[in-house]
Amino acid sequence: MHSGDLAPDFTLLDEEGAERTLSTMLASGPVVLFFYPAAMTKGCTKESCHFRDLAAEFAAVGAQRVGISMDSVERQAQFSSQFGLGFPLLADVDGEVARRYGVKRSLDFLKVRRTTFVIGRDRRLVDVINSEMQMDVHADRALAALRVSTA
């Protein structure tokens with residue numbers, strides 16, 4: 001998927017077991033949807049905490065942060081609670097949404113490619129950020145893309 005593409009709509013459960021639908025979330029503003037391989041792991045914790053720490057900056061551009069992995073609702077709840085993340089973590093347990101976004105790996109061990117999609121209110125992709133090793137680049141580039149698109 002590339003900038004300008006239409007983001008696939010989906011409905012998944014969040015860390016509290018509530019249904020979250022992309023098109024519904026977009027009614028409140030852009031969504032920064034970041035796929036991460038596994039909750040509670042070193043890299044994913046660093047990435048998620050960086051998104052947490054930039055809450056004010058994302059709020060200033062009217063954007064919502066949403067994490068997504070193939071972890072269970074219970075694991076997402078533990079992850080969110082332990083690190084005080086403060087944004088939805090979606091449970092894509094069967095990897096169907098990851099497949100639709102083109103980030104599902106063929107090996108279940110690694111599950112998904114660490115990828116962030118900046119999605120405008122019209123469901124069009126504003127930016128796609130790929131980096132397996134630079135955890136902070138996801139939130140930083142997403143903010144930069146949002147600042148340009150909302151300027």
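Visitor: Phe 117 first: buried or exposed?
Guide: Phe 117 counts as buried, because its relative accessibility is 1%, where buried means under 20% relative accessible area, exposed over 50% and partly exposed in between, computed with a 1.4 Å probe on protein chains only. This is a predicted model, in which local features need pLDDT of at least 70 and side-chain atom pairs count only at pLDDT 80 or more, whereas totals for chains, interfaces and linings use all residues. Residues are numbered from 1 along each chain as its sequence is written, and side-chain values use heavy atoms, with hydrogens and water left out.

Visitor: OK, over to strand S3. How many of its residues are buried?
Guide: Strand S3, residues 31-35, has 5 of its 5 residues buried; strands (E, at least two residues) and helices (H or I, at least four) are DSSP runs, numbered from the N terminus.

Visitor: And which way do they point?
Guide: Val 31, Leu 33 and Phe 35 point one way from S3, while Val 32 and Phe 34 point the other way.

Visitor: Which strands does S3 pair with?
Guide: S3 runs parallel to strand S4 (residues 64-69), to which 5 bridges join it, and it pairs in the antiparallel sense with strand S6 (residues 115-119), also over 5 bridges; two strands pair if DSSP finds at least two bridges between them.

Visitor: What stands opposite Val 31, then?
Guide: In S4 the residue opposite Val 31 is Gln 64, and in S6 it is Ile 119.

Visitor: Changing topic: how many aromatic pairs turn up?
Guide: Searching the whole structure gives 10 aromatic pairs. Rings of Phe, Tyr and Trp (its six-membered ring) pair if their centres lie within 6.5 Å, and planes under 30 degrees apart count as stacked, over 60 as edge-to-face and the rest as tilted.

Visitor: Why is the pair of Phe 34 and Phe 51 called stacked?
Guide: The ring centres of Phe 34 and Phe 51 are 4.1 Å apart and the planes are at 5°, so this pair is stacked. It links distant parts of the chain, with Phe 34 in strand S3 and Phe 51 in helix H2 (residues 42-53), 17 residues apart. Phe 34 is buried at 0% relative accessibility, and Phe 51 is buried with a relative accessible area of 0%.

Visitor: What about Tyr 101 and Phe 117?
Guide: Their ring centres lie 5.0 Å apart with the planes at 65°, so Tyr 101 and Phe 117 make an edge-to-face pair. Tyr 101 sits in the loop between helix H5 (96-100) and S6, and Phe 117 in strand S6, so the pair ties together parts 16 residues apart in sequence.
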